[in-house]
Amino acid sequence: MCWPRFAPLEAATLVSLDEASLNEFRAQSLRSLSTGSTQGRHFAATDAVNRLAAAPERPQIQLSATIGENDSLPRMLQRAGVGSGDAGQVAAMVASAVPLSDIAPGTRFSITLGPRSNASDPRPLLTIGFRPRFDLALSISRQGGGLSLARKAIAIDVTPLRVQGLVSSSLYRSARAAGAPPSAVQDYLRAIDQAVPFEEIQPTDTFDLVVSYKHAADGAGEAGELLYAGIMRSGQPRAQLLRWGPDGSFTSLADLSGSGQAEAGLFGAPVAGHETSGFGMRRHPILGYTRMHSGIDFAASWGSPIYAVTDGRVQYAGWHGGHGNYVRLDHGGGIATGYGHMSRIAVAPGMLVRRGQIIGYVGSTGLSTGAHLHYEVYRGGQAVDPRSVRMVQRRQTVDPKQVAAFKARLQALLSIRPGVVLGAQR
């Protein structure tokens, strides 16, 4: 370190560089791309480079396209680059195999386009394949200058899928994490809400659902409708509901046999709210004059669920003048109930509904000054004070064959071993 002496080392004198020298140093230095590297020298093309009049096109283009909502097959194909002639021919060939209206939105098409002789012409269609139904695949290919259609049936195994698990902090998230399809979980929540209030379901309870499920030979899977909905606590069932009857509603064994029906009592409140206006004459807050108020108003937050006060059939569901979105239920024996000013209706005319089933949600449609429910009761077609009507339900005649069939169906579904969704969801 000390050799040969302690005198300072002599360095070369600094030389000022012109612009050309600086560019040369930059070209030969090593700098990262993040700092704007311009390494290396750039040379112009020489006579050794053969210039092309146009870049060559790829001989084939493979792409995928999806048909959208309110879309048509020819329009989708033309957006993908298929010529109008080929698109119309493909649509006609597909229509000969399946109705075009049966092709569900979101169906994916695998398309191969061939080379073209002129840059202004569309590429000819070579092949196209898709799955219009879960058990059928269609493919169209160009052979000998024309298009030909091939059908391929897909073997399907139809086996119900059973999913179980702890409710934990969220029933929906737990069911989804256990492998239940989203549509089945939504149906399950609506069905269970008829039998067990959500606030009574504990994190240690076990959810149990069975959904129809199709598994294809190529590994794809498709979930169908919910068949069974149950809740268990400490190994004992709290609710066991089957999809039963022509209307597809969920029913328990107690409801089917009549043991779960109440004999008599006052109608309960159809919404979680407080009464703001009773039955009788009053000054209308919008019209400004006194007239008959043929029901009871309940103040409730926007979007609160509205429940059927007892079993019945939907007589009317839709817009009803000053009532706005309105539902009327026929309970038999000349008794009917009406529910007005809904923000959204959850039932349709002709549906059978159970006591406590959600039929709509609180809103402020029609002649309304704020979010509330207008609730009416009719006896013999005349509006009466809802607080004066008592609910009387006669136990239905029990059909032993129906009860036996219900028990057999329930036992068959409960004998399925819990599993998970296999294959790709469609």
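Which side chains meet in a salt bridge at 3.7 Å, N to O? Some notes on that and on a few other features follow.

1. **Ground rules.** This is a predicted model, in which local features need pLDDT of at least 70 and side-chain atom pairs count only at pLDDT 80 or more, while totals for chains, interfaces and linings use all residues. Residues are numbered from 1 along each chain as its sequence is written, and side-chain values use heavy atoms, with hydrogens and water left out.

2. **The opening pair.** The side chains that meet at 3.7 Å, N to O, are those of D311 and R354. A salt bridge here is a side-chain nitrogen of Lys or Arg within 4 Å of a carboxyl oxygen of Asp or Glu. D311 sits in the loop between β17 (305–307) and β18 (312–319), and R354 in the loop between β21 (352–353) and β22 (358–362), so the pair ties together parts that are 43 residues apart in sequence. Helices (H or I, at least four residues) and strands (E, at least two) are DSSP runs, numbered from the N terminus. D311 is partly exposed at 24% relative accessibility, and R354 is partly exposed at 23%. For those labels, buried means under 20% relative accessible area, exposed means over 50%, and partly exposed lies in between (1.4 Å probe, protein chains only).

3. **Other salt bridges.** The structure holds 12 salt bridges. One of the bridges joins R79 and D71, with the closest N and O atoms 2.5 Å apart; R79 counts as exposed at 53% relative accessibility. Another brings D135 and R133 together at 3.1 Å, N to O. Of these two residues, D135 is partly exposed at 33% relative accessibility, and R133 is partly exposed with a relative accessible area of 39%.

4. **Helix α3.** With 12 residues (84–95), helix α3 reaches 16 Å from its first C-alpha to its last, close to the 16 Å expected at 1.5 Å a residue. That expected span is 1.5 Å times one less than the number of residues. Its buried residues are D86, A87, V90, A91, M93 and V94. Seen down the axis of α3, these buried residues fall within an arc of 165 degrees, so they line one face of the helix; the arc is that of the directions from the helix axis to the C-beta atoms. S84 and A92 are exposed on the other side of α3. The buried residues of α3 pack against α2 (73–79), β3 (125–133), β4 (136–143) and β5 (146–153).

5. **Strand β18 and its partners.** Strands pair if DSSP finds at least two bridges between them. β18 runs antiparallel to β21, with 2 bridges joining them, and here R313 stands opposite L352 in β21. β18 also runs antiparallel to β19 (residues 325–332), through 6 bridges, with Y316 opposite R328 in β19. The hairpin of β18 and β19 has 5 residues between the strands, and G321 takes a positive phi near 55 degrees there.

6. **N325.** This residue lies in strand β19 and counts as buried at 18% relative accessibility. Contact means heavy atoms within 4.5 Å. Leaving aside residues up to four places away in sequence, N325 touches G318, W319, Y339, G340, H341, M342, S343, R344, I345 and T365.

7. **Aromatic pairs.** Rings of Phe, Tyr and Trp (its six-membered ring) pair if their centres lie within 6.5 Å; planes under 30 degrees apart count as stacked, over 60 as edge-to-face and the rest as tilted. By this rule the count comes to 5 aromatic pairs. The rings of W244 and F406 have centres 5.2 Å apart and planes at 70 degrees, so the pair is edge-to-face. W244 belongs to strand β10 (residues 236–244) and F406 to helix α7 (residues 400–414), so the pair ties together parts that are 162 residues apart in sequence. W244 is buried at 19% relative accessibility, and F406 is buried at 0%.

8. **The tyrosine pair.** The rings of Y339 and Y375 have centres 5.6 Å apart and planes at 40 degrees, so the pair is tilted. Y339 in strand β20 (residues 335–345) and Y375 in strand β23 (residues 372–379) are 36 residues apart, and the pair links distant parts of the chain. Y339 is buried, and so is Y375. Ring pairs link F298, Y339 and Y375 into a cluster.
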